[in-house]
Every structure is written in C-alpha cells, then in structure tokens.
Amino acid sequence: MTRWTGPETLRRAASPARLLALAVLLALLPALALSALAAPGARAAESAPTVSLSEKEAGKGGSITVSGKGWRDGALLMLLICGQATAERGVIGGTNSCANGAGRAVTTDKKGVFSKKLPVAEPPKPCPCVVHVATVTGEQASVDAAFTVAGHPTAELPRETGGGKLAVLAAPRLEGDSSLLTWFGAPPARRLVLTVGNLGPAPVEDPVFEIGTAHGVYAPQWEEHQWRGTVAPGARARITLPVELSAGAHGDYQISLRYGKKVLAEQPWGIGRPWGVTLFWILLCLVVPAAVFRIGMAIVDRIRPRAADPPRTTGAHRTTGAHRTTGAHRAPAASTGGLRRTTSVTRTARPAAVDDAEATTAVLPWFTPDSAPSENRSRPTTKGQA
C-alpha cells in the first residue's frame, strides 16, 4: 500500500523551529570556513620561536635578561652576543663574530618558554650587534634580537653579493690522507673539493662559506672560510676548502657546507681510533712501575746493613770446647833425652765434623805424648817404695 504525502505532512516538515535552525546553519557556514583556513596560519604564528630582551642597550660588565617562547619543549639553547649582524641578515661571520666566552646555555620548559640572564661582553666584530639564540641539538632554529653594546666600535656590514646565486654542480669529496701523527692523536685534516656554478645574473666575488662539523646527535659547529676569486654569471668554479677536526677525534662525522643560509652539500667522514695513544698509555703503565721498582731496589740495596766478614786466620787454629787458640802451639821438651818436640799445626778450611774430631784427639799443649798421665798406664815398682 502506497502512502501519499499530503498537505499535513508538508506543514510538519516546514515548521518554524526547523526553518530557524536551517537559517542559522547557513549563516555560520562562511565563518566556519574562514576559521578553518586561518587556523594553520595562526598555529604557525604561535609556534614560531620569539626572543625578547629586558634592555636594548647595555655596557660591558652589565647583564640583560633574555626571554623566549614558542620554542620546542626541552630544547637546549645557546645565547650569544654577536657582532657584524642584524636581525634581518643574521650573523654574517658565524659564531666567530660572537663573544663565545660569555655565552650561556638554557633549556626550555614543557611550554617552550625560557628566561636567562646573559652577561654583556664585547664581541670580536664591530656592531651592529644582536643577541643570537639558537638550538644546540635536534631541529635547527635560531632567532636574532637587535642589541647595542655601549662603547663598542661600529662599522658597516659587508655588502651583499648582488644577484649571484651559487649551486653545487658536482658531488663534493674529501681529499687527503691521514699521516702517522694522526695515529698518535694529531688533528685529522682533509680538503673539501666541490664544483659550484653561478646561476644568478650578477657575479659572486670572494664568497664566504661556512663549514660545519657534526658528530653524533650534536648540531654542527660552523667555521667561516673565505674563497678568493670571482664566479661570473653562468660560469663554474672548483672550490677547495680546508677541513680540520680537533686532536684525538674519531668516529663518524658529518661535514656540511653552507653559503648564506642555505646548506649546499653534506659529506660523511669516518675516522679511525688513534690506537697509538692507547699503545702509549699501555707502555707507560708498564714501563713506569718497572722503573720505579728498579730504583727502589737499588736504594734498598745501598742503605741495607752489610753482614760482618769472617776474620782471616794466620797460623793454626785450635778449638777445644769454648777455648780457641791461634798460632803455633809448642810442647815442652820431654824429660827423657832432653829433646824438645815442637808441634805446629796449621788449619785450613775443613768441614766442621773433621775439626771436632781432631779437637777431641789433639794433644794437650802442656804434656808430651810420653809424659801425659794415664789411668791405664802401669807404674813401675822400685825397691824401697811402699
């Protein structure tokens, strides 16, 4: 059975409340569309990092408070006062134009906000100056805030290179070999060679490149190098720049080349461990204790007491019990015959057992063998004796 829609049904569908809701919805559609389109830009503006200073000018020895917001949460930032820089062009000379000794580090909170006191120091380059805030690890971000160091010299900024634009035409490479000294911890050195071309309408004269060295998760440390020469529009040039690391460097490094604010090339560099240094420390740990031991034994040998030398003997030595006689022992002359018998004994080095045996059978010095008294000897009888 088919149900037909009558006038009553149409009146219920077109009730005043439903018509009002539909009108409000149609009126809000343009506003919702505009907010949806503007939301990404607003979020981007809110997330862009910013920096503010407590003072725009201060003299050497003072301090200012640097505050910022919109940074990545938990980001490690470096605060520096740099010369030869503006907020628009940035730091032209790289970190070599900054007072690195007076720099400070700060970590943002969970909301990306920080506040840190920064001592005022004179940068190595003349003003105009800025307070340079940049991330140390992770995603690269930097902001420059204009600042004036009172009493510091001021000079014009280097002129820009017109409409010249350099681009890398061939893959860069590192040339050079490590020497024997590198095996013992000398700074590794190479030459970064690449071919660039000028794609702009104006020539590029004496371009200033920046070479960055990064190790592990740390951000690259940039060093400024100037190449002497001119690259005409549409021409190409072979550029060679020196690259040197710190002493004892080893592991995987990333070498980057930057011109202006654009990174032109990146090249990995693997460096072996300086095993010569390890070998040196191993030998040092073995040789030094051995030398100390030898010196100590020599000192002990010189200061220890010496044992008494045995007395030298001349003539004959006789020991009977605890009595020792030295020299020649003479026996008195025998009563019969009036003969004098002399007994001289010279002792030589003999075993102790032989000396003891001789000592027990030796003849006493005051008796001769014929006149020595003996209990077993029979006495002659004479007439007239009782």
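The model is predicted. It holds 2 disulfides.

**Disulfides**

- A disulfide is a covalent bond between the sulfur atoms of two cysteines.
- The torsion about the S-S bond of Cys-127 and Cys-129 is about -90°, so this disulfide is left-handed.
- Another disulfide joins Cys-82 to Cys-98, with an S to S distance of 1.9 Å.
- The link of Cys-82 and Cys-98 is right-handed, with 95° about the S-S bond.
- Cys-82 lies in strand E4 (residues 76–82), while Cys-98 lies in the loop between strand E6 (90–91) and strand E7 (104–107), so the pair ties together parts that are 16 residues apart in sequence.
- Cys-82 and Cys-98 are both buried.
- Counting bonded cysteines along the chain, the disulfides follow the pattern 1-2, 3-4.
- Cys-285 has 55% relative accessibility. Exposed means over 50%, so Cys-285 counts as exposed.

**The open sheet**

- An open sheet of 5 strands runs in the order E2-E10-E9-E4-E7. Its pairing is mixed.
- Strand E2 (57–59) and E7 stand at the edges. Each has a single partner strand, so one side of each is left without a neighbour in the sheet.
- From one strand to the next, the twist averages 35°.
- E4 pairs with strand E9 (residues 129–135) in the antiparallel sense, over 6 bridges.
- Leu-77 stands opposite Thr-135, which is in E9.

**Aromatic pairs**

- The count of aromatic pairs comes to 4. Among them are the pair of Trp-71 and Phe-114 and the pair of Phe-209 and Tyr-259.
- The ring centres of Trp-71 and Phe-114 are 6.3 Å apart, and their planes stand at 70°. Planes over 60 degrees apart count as edge-to-face, so this pair is edge-to-face.
- Trp-71 sits in the loop between strand E3 (63–69) and E4, and Phe-114 sits in strand E8 (residues 114–119). The pair links distant parts of the chain, 43 residues apart.
- Trp-71 has a relative accessible area of 6%, and Phe-114 has one of 4%. Buried means under 20%, so Trp-71 and Phe-114 are buried.
- The rings of Phe-209 and Tyr-259 have centres 5.4 Å apart. Their planes are at 45°, so the pair is tilted.
- Phe-209 lies in strand E15 (residues 208–215) and Tyr-259 in strand E19 (residues 251–259), so the pair ties together parts that are 50 residues apart in sequence.
- Phe-209 is buried, and Tyr-259 is buried too.

**Charges over rings**

- Arg-258 lies over the face of Trp-222. The distance to the ring centre is 4.0 Å.
- Arg-273 lies over the face of Trp-275. Here the distance to the ring centre is 5.8 Å.

Technical notes. Residues numbered from 1 in each chain as written. Predicted model: local features only at pLDDT ≥ 70, side-chain atom pairs only at ≥ 80, totals over all residues. Heavy atoms only, no water. Disulfide = S-S within 2.5 Å. Helix = DSSP H or I, 4+ residues; strand = E, 2+ residues; numbered from the N terminus. Buried < 20%, exposed > 50% of the residue type's maximum accessible area, 1.4 Å probe, protein only. Pairing = 2+ DSSP bridges. Axes fitted to C-alpha atoms, helices over the stretch in contact; angles between N-to-C directions. Phe/Tyr/Trp six-rings, centres within 6.5 Å; stacked < 30°, edge-to-face > 60°. Lys NZ or Arg CZ within 6 Å of the ring centre and 35° of its normal.
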